[in-house]
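Subject: Structure handover

Hello,

Please find the structure below. My notes follow it.

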Amino acid sequence: MGTLVFVCPTTGQEVSTGIEVDRTSFKGLPRTRTAIFCPRCRKSHKLSMIWAWLVSEVPEPSDAA
């Protein structure tokens, strides 16, 4: 299992979605334009248009955001 993360196109920072998924399920996700809220810039991004991947350990968010 891993956590789905992406890079916010506004801030350039890595963001955890908090969504836990295994690699098989991740590879099977439809490549559609799914909106996801970004706590870094407080906007929604289209997940199909940004880089997303799985990580096994997600760092704690910093207070600098």
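Why does Cys 41 count as buried? Its relative accessibility is 16%, and buried means under 20% relative accessible area, with exposed over 50% and partly exposed in between (1.4 Å probe, protein chains only). Cys 38 counts as buried because its relative accessibility is 0%.

This is a predicted model, in which local features need pLDDT of at least 70, side-chain atom pairs count only at pLDDT 80 or more, and totals for chains, interfaces and linings use all residues. Residues are numbered from 1 along each chain as its sequence is written, and side-chain values use heavy atoms, without hydrogens and water.

Disulfides: the count is 0, where a disulfide is a pair of cysteine sulfur atoms within 2.5 Å. For Cys 38, the nearest cysteine sulfur is that of Cys 8, 3.7 Å away. For Cys 41, the nearest is also that of Cys 8, at 3.7 Å.

Strands (DSSP runs of E, at least two residues, numbered from the N terminus): strand 3 covers residues 35-38, with Ile 36 and Cys 38 on its covered face and Ala 35 and Phe 37 on the uncovered one. Strand 3 pairs with strand 4 (residues 43-46) in the antiparallel sense over 4 bridges; pairing requires at least two DSSP bridges. Phe 37 has Ser 44 as its bridge partner in strand 4. In this hairpin, 4 residues lie between the strands, and Arg 42 has a positive phi near 65°.

Regards
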